[in-house]
Amino acid sequence: WSSDVCSSDLIEATKSAEQKIEKKNTISSSLLIVGALVGYGINFVTNLYLGKNLTNEEFSLISLMGSFFFLAAILLGPLSNTITHQSAYIKGKYNTVALSLWKRMRKFGLIGSILLAITWTLSISYLGIFFKSESLLPFILFAPVWVIGTIVALDRGFILGNHLYGLVAFVVIIEAIAKLLISIAFVSLGYSHYVYAAMPLSLTLTLGILLIANHAFIKKITNPDIKNARFPKKFFLTSLITGTATLAFLSIDLILAKHFLSVEDAGKYALLAFIGKVIFFIGTVFSQFINPMISKKSGENIDTLKTFYKIY
């Protein structure tokens with residue numbers, strides 16, 4: 001009789017713990033949804049402000065910088081997704097954090113991104129001719145983004161894979177606010193022709209926040225690390241193919257417009273294309289949960305169909 005009571009208490013305690021975890025995940029997920037919507041809203045306001053206060057030529061330079069970011073995302077997006085997937089999978093299977101994998105990928109990512117930055121720098125004169133840009137400053141400013149963006153992609157993928165949705169939401173909102181404020185500052189001070197620098201500057205701020213957040217998160221880790229966690233090459237390749245298709249849909253037209261159209265027409269096209277992107281990105285608010293949540297359930301060897309239907 002006493003063993004039955006103990007078993008019953010254990011079951012109730014387990015259910016209570018599961019309910020608390022579920023409630024915490026629900027709140028955290030809601031924060032990420034709100035954060036994404038707020039971030040998109042602020043970015044929309046930023047572009048409306050710039051569209052009203054800049055000439056078509058100046059807005060064309062912003063679209064040029066945006067095209068660079070989309071090109072970088074072809075590689076950095078799948079890299080971030082892969083870290084998210086593997087971190088969530090290990091969290092579900094071993095109930096621990098993929099710390100060694102993340103540190104290892106950071107090391108390789110830093111080396112690779114420095115080489116990319118050097119290659120980009122050596123190609124600046126040719127890029128200026130291709131994009132018909134009189135100023136090479138946007139190309140120069142983007143060179144360090146390869147390094148900063150790689151670390152941001154890895155760190156963001158790591159915290160998303162560990163289901164720290166609230167932190168991701170905070171980073172998204174802060175980055176969007178920083179971009180808006182920096183843009184307003186450039187325009188107000190009479191340096192509107194340099195407003196494209198708001199993108200790399202806000203990304204640098206994001207890097208600082210992520211470095212502090214990850215350092216605080218790592219200090220709290222108590223479970224043993226998985227030393228031999230592998231980098232899932234097949235997942236990365238698949239993500240690279242699908243990500244390239246999506247980003248080509250979103251950015252190749254802007255690159256071609258910048259190359260073939262006049263500076264003024266390219267600026268008009270960029271403003272029109274942005275409106276279409278707003279509609280597209282709103283549709284991705286919920287899909288961002290699929291990778292971390294499904295990967296974790298796969299690691300726990302739990303049927304993922306129910307989780308997918310919840311997201312759906």
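1. Glu-175 is buried, with a relative accessible area of 16%; buried here means under 20% relative accessible area, exposed over 50%, and partly exposed in between (1.4 Å probe, protein chains only). The model is a predicted one, in which local features need pLDDT of at least 70, side-chain atom pairs count only at pLDDT 80 or more, and totals for chains, interfaces and linings use all residues. Residues are numbered from 1 along each chain as its sequence is written, and side-chain values use heavy atoms, with hydrogens and water left out.

2. The partner of Glu-175 is Arg-156: their side chains meet in a salt bridge at 3.0 Å, N to O. The pair links distant parts of the chain, with Arg-156 in helix α6 and Glu-175 in helix α7 (residues 165-188), 19 residues apart. A salt bridge is taken as a side-chain nitrogen of Lys or Arg within 4 Å of a carboxyl oxygen of Asp or Glu; helices (H or I, at least four residues) and strands (E, at least two) are DSSP runs, numbered from the N terminus. Arg-156 is partly exposed, at a relative accessible area of 24%. By the salt-bridge rule, the count comes to four.

3. Lys-296, Lys-297 and Glu-300 are linked in a network of salt bridges. Between Lys-296 and Glu-300 the closest N and O atoms are 2.5 Å apart, whereas between Glu-300 and Lys-297 they are 4.0 Å apart. Lys-296 counts as buried because its relative accessibility is 18%. Glu-300, at 28%, counts as partly exposed, and Lys-297, at 26%, also counts as partly exposed.

4. Helix α3 (residues 99-122) has 24 residues and reaches 35 Å from its first C-alpha to its last, close to the 34 Å expected at 1.5 Å a residue. The expected span is 1.5 Å times one less than the number of residues. Its buried residues are Leu-99, Ser-100, Leu-101, Trp-102, Met-105, Gly-109, Ser-113, Ala-117 and Trp-120. These pack against α2 (56-94), α4 (124-130), α5 (137-142), α6 (145-161) and α8 (198-219), where contact means heavy atoms within 4.5 Å. As background to such spacing, an α-helix has 3.6 residues a turn, so residues three or four places apart point the same way.

5. A nonpolar surface patch of about 570 Å² is made by Leu-110, Ile-111, Ile-114, Leu-115, Ile-118 and Leu-122. Patches are made of residues with over 30% relative accessible area and no salt bridge; like charges are joined within 9 Å, and nonpolar side chains (Val, Leu, Ile, Met, Phe, Trp, Tyr) within 5 Å. Accessible areas come from the Shrake-Rupley method with a 1.4 Å probe, and for residues only the protein chains shown count as cover.

6. Helix α9 (residues 233-260) bends by about 45° at Ala-248. The bend is the angle between axes fitted to the seven residues ending at a residue and the seven starting there. Buried residues of α9 include Phe-236, Gly-243, Leu-247, Leu-250, Ser-251 and Lys-258.

7. Lys-132 is found in the loop between α4 and α5 and counts as partly exposed at 41% relative accessibility. Leaving aside residues up to four places away in sequence, Lys-132 touches Lys-258, His-259, Phe-260 and Leu-261. Lys-132 and His-259 are 127 residues apart in sequence and 6.4 Å apart in space, C-alpha to C-alpha.

8. Thr-46, in helix α1 (residues 2-53), counts as buried because its relative accessibility is 2%. Apart from residues up to four places away in sequence, Thr-46 touches Ala-176, Lys-179, Leu-180 and Ser-183.

9. Two loop asparagines deserve a look at the backbone. Phi of Asn-95 is near 55°, a positive value in a residue other than glycine; Asn-95 lies in the loop between α2 and α3 and counts as exposed at 53% relative accessibility. Asn-301 has a positive phi of about 60° although it is not a glycine. The place of Asn-301 is the loop between α11 and α12 (305-311), where, at 72% relative accessibility, Asn-301 counts as exposed.

10. Ser-287 lies in the loop between α10 (263-282) and α11 (290-299) and counts as partly exposed at 36% relative accessibility. Ser-287 and Val-168 are 119 residues apart in sequence and 15 Å apart in space, C-alpha to C-alpha.
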